[in-house]
Amino acid sequence: MRAPATSPVMIGREADLEALRDEFALAAAGGPRAVVIGGEAGIGKSRLLSEFLTGLEGVATVLLGRCVDLGSDGAPYAPFATALRRLIDERGLPAVLEAAGPSAGVLSALLPELADEQAVPQRTGRERLYELVTRLFENISDDAPLVLAIEDVHWADSSTLELLRFVLRMVERGRILVVLTYRSDEVVRGHPLRSFLPELDRTRRVTRWELSRLGREQVVALVEQLIGGGGPDGPDPESIQRVNDLSEGVPFFVEELVGIDGLRTGDDLPETFRELLLARYERLSDPAQRLLRLIAAGGSCVRHELLEAVYDGPADELDAAAREAIAANLLAADSVEYSFRHALVREAIHADLLPGERSRFHARFAEALEAEPHRSAVQLSSHWLAAHDLPRAFAASVEAMDEAKSAYAYATAAAMGDRMLELWDSVPAPEELSGRDRVAVMALTASALRNAGDNDRALALVDEALRHGADLPPSRRARLLRDKAQYLANLNRPGSDGLLRDALALVPAGSLPVGDALRTHLLTELAARQMIAGEFEPAIETASRAVAEADGAPAAMRSVAHNILGSSLIECGCIAEALAELDTAARLAGDEVAPLLRYAVNASDALSALGRYDEAVRVAATGLERARERGVERTAGAWLAANQAEAMAALGRYDRAAELLGSVTCLDPRAELCVRLQQVRVLLWSGDAPGADDLIRRNRAAFRTLAPIELQSRLGVARAVGEVAIGVGDHRRAWEETSGVGSPPFLTMPGYDLPVIAIAARALAELASEGDAASSGIDVAAEAGRLDGLLATREEWPTARVWAPLARAELATARLAVEPRDSVPASDLADEAAVAWAHAIAAANEPIAPVHLRPYALLRAARVAFATGRRGEAEQFVLDARDSAEAHGIGLLTAAADALIRKRGSRAPVPAGGGVALTEREEEVLALIEQGLSNKQIGERLFISAKTASVHVSSILRKVGASSRTEAVYRAGRVL
């Protein structure tokens, strides 16, 4: 009597199944979820997934895909392609295309058979494909919950992992559950999943766990299920113990052991792991064994049509052999493919193939694939290589490289390029077979590596290409130098400018054929690098040359040249001319998404820097809508979302800005930096200073990455970090972050550095008031003069009339704290500061002023007024500041106003420290203590004697329960 192949009841996985069902319930309720299940080979991942998916029949749309063990040669996105074909079978092609939206033709990158179904719009890169797949899943889940299950992701190609990462991070809505399984014992050092899994753990919607081995009682229960119970006819205790010992609690091994003659005697249990895996296989007929050997050469699963093409016997024999293998529980079949029930069995059978047999089988698969109209060239290359037909493997690799690039599977394209280079000296006439020389293959492979994110290898390979291509025509060497410059820039390393100049020297004006836009491209790239570095005048000169030489260049390239020219002119104060150039860039971009979005990014950024926030919101929003239409909303659209949020925050729309930023993530680390900086500032001004500080600390390394080469990033980071440091009371850190403004590496960029100057002035004022400036070696008078000089050089910039008065008021406050009283009368210094703050408040009412500046200036003026004894004026400032801050949702300043009211007291002062209220005069004295003034200086300021001031100081110390002047200030509390 034979034991059943598998237990009718799943043993030991009940809690895991229930957990999966709970995750599905959460997803079905409208929150996208993902589960990642790991475990060693044979632990029961597939059985658990099968039980779970079976229970969803009629309840959800279930899409199942598998990754196939073909090493690095798996077809790009293979599990997604399988899942989408199942979706088309279930829903019909028209419904799927409708759910995909206007860019549905991009699906042909995954399913080549769709290429004739719908015109493919112009491509913009892998992010467009990823966005389309994500949107498709979201829309499909509107009708019924969607479950996407992908097995064996430890075999996934890098393109599949990238797409998975994107979907899991970017899906925003829909009733979607993604379930992934992987073999944990395969994830060794250097495996792609080693970095992929921890990244998933940081995503709150992802749950991950590992399946454990069965305990002895569970093994016994599983054995009893397999043989129909215990009793006198059941296995003896010794056999059960041996099954427990040999299986070590791995369910698959238990089933295989029990499957050997029903475990009636236990005498024929195998001695080795290989014998166990092949035990059922060796009991099959010769045709069934031959079929399994053939399928094993094809991978863990093989399509029906392909198997029929490679099988060398009649169809009836194939069907009979397949039924026998299925009955023995070695093979499974559905409407699409045959697959091994367990990958371990496939591995054992494949390892058992004879060398000649392996070559013949792989050759059959290759020949069958060549006859298919929509074959996978990657798999074709793999099979020809395994068949030791190197010329055909080389030719297939050429096709596979082009195929992978068309599908944005850049890592696969690079792998095929590597294969071509490895085979180059082993095949006859490789240039004829590939249609390109070795250096061209190196360059193409390097480009694929760059697009796959491996810029280090791309750089190494392009260097090798330059060494091999010493005798190349100048234009080809120039292109290699251009590529190297791009790879260096991607790695945030210096040197791009020099390489681009060397490339330009190789192709002087007039040396290229008509229609070759290489020089325009080189000039545009060089101008872009100069602009990013803050070298605006050289950028204007270079971009002007690009525009002048761009007559024969594509409109998109000309658009970028005008874009860079306009963006550089802005920073040199040529605003009308700059905006005209940006308008030209928009016109030339037409409907081409890349230059159009680049225009929207730079134009919205420029308008914000000019204080034209409503226009900036409009340009960014329009660009973001175009990004949505083109399927790149959550990738290329990230720049626009960040720019739109910045302008919204300046207008006081903090909630909308936070909502916009919360939905953004991206593949480009530079865009990610921009988004995070805006999140920091929105968090801060909304009232969560500690949260903003924590976000800075968590992203500190990323914030510093671009500082060596990007002026805008340096200033943006300095502003955000400086503002947050002020918000949490760390004035020394604020000074350290911003005091270098105006000197290298900070260059002049008025729209960005004026706010930084104002923060530096605030930090200087605070350090002077606290008495920390002198102990830190800071010459307040000298630094105030230097910052004032910087403001004078930026007077022509539109927003200088807002930021300069604010910064000068802070500098007046700093001088008030440190000027010797015997040189300048105290009342004159106080009047100077009061007048400066009146100017700052008036400037903050300008339409070009960010809305937070008015309540900010009022609160700062209030502190100075309190400190100089102008209590009534100070109280009115605080009340006005609070009303303004609350009206615009500026939580940080609303809280600061409340704290200042509590701290300074009203006409009925709030008790401090020891529970006794400070008098009005004591409040005034406390304010001057806070500035670091001595008893004598306090007396001069308040027109009382030093002895009377000392009496007030002693009373304050007693009332607040402090032992020192510094502690008194601390206990009384600090406000912004």
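1. Buried here means under 20% relative accessible area, exposed means over 50%, and partly exposed is in between (1.4 Å probe, protein chains only). By that cut-off Asp152 counts as buried, at 15% relative accessibility. Asp152 sits in the loop between β3 (146-151) and α6 (158-170). Its phi is positive, about 60°, although Asp152 is not a glycine. Helices (H or I, at least four residues) and strands (E, at least two) are DSSP runs, numbered from the N terminus.

2. This is a predicted model, in which local features need pLDDT of at least 70 and side-chain atom pairs count only at pLDDT 80 or more, while totals for chains, interfaces and linings use all residues. Residues are numbered from 1 along each chain as its sequence is written, and side-chain values use heavy atoms, with hydrogens and water left out.

3. Tyr77 also deserves a look. Its phi is near 60°, a positive value in a residue other than glycine. Tyr77 belongs to the loop between β2 (61-66) and α3 (78-91). It counts as buried, at 0% relative accessibility.

4. Next, the cores. A nonpolar core is a set of buried Ala, Val, Leu, Ile, Met, Phe, Trp, Tyr and Cys residues joined through side-chain atoms within 4.5 Å. The largest has 165 residues, and Tyr77 and Phe137 have the most contacts inside it. Apart from it lies another core, of 139 residues, including Ala650, Cys674, Phe877 and Ala881.

5. What does Phe137 touch, not counting residues up to four places away in sequence? The list is Leu63, Phe80, Leu84, Leu146, Leu148, Val167 and Ile176. Contact means heavy atoms within 4.5 Å.

6. Helix α9 (residues 237-247) has Ser239, Ile240, Val243, Asn244 and Ser247 as its buried residues. They cover an arc of only 140° around the axis, which puts them on the same side of α9. The arc is that of the directions from the helix axis to the C-beta atoms. An α-helix has 3.6 residues a turn, so residues three or four places apart point the same way. The face turned away from the buried side of α9 carries the exposed Pro237 and Glu238. The cover over the buried residues of α9 includes α8 (216-227) and α10 (251-258). Glu248 follows α9, with a positive phi near 55°.

7. Helices α47 (residues 935-942) and α48 (residues 946-960) pack at about 105°, with axes 8 Å apart. They are therefore roughly perpendicular to each other, a label for angles of 65 to 115 degrees. Axes are lines fitted to C-alpha atoms, for helices over the stretch in contact, and angles run from 0 to 180 degrees between N-to-C directions. From α47 the contact uses Asn935, Lys936, Ile938 and Gly939; from α48 it uses Ala946, Ala949, Ser950 and Val953. These contact residues divide into four nonpolar, three polar and one charged. Gly counts as polar in this scheme, and Lys as charged.

8. Leu423 lies in helix α19 (residues 410-423). Leu423 is buried, with a relative accessible area of 8%. Leaving aside neighbours within four places in sequence, its contacts are Leu385, Leu390, Ala393 and Phe394. The C-alpha atoms of Leu423 and Leu294 are separated by 27 Å, at 129 residues apart along the chain.

9. Asp483 is part of helix α23 (residues 474-490). Asp483 counts as buried, at 11% relative accessibility.

Key
Angles under 35 degrees count as roughly parallel, over 145 as roughly antiparallel, 65 to 115 as roughly perpendicular and the rest as oblique.
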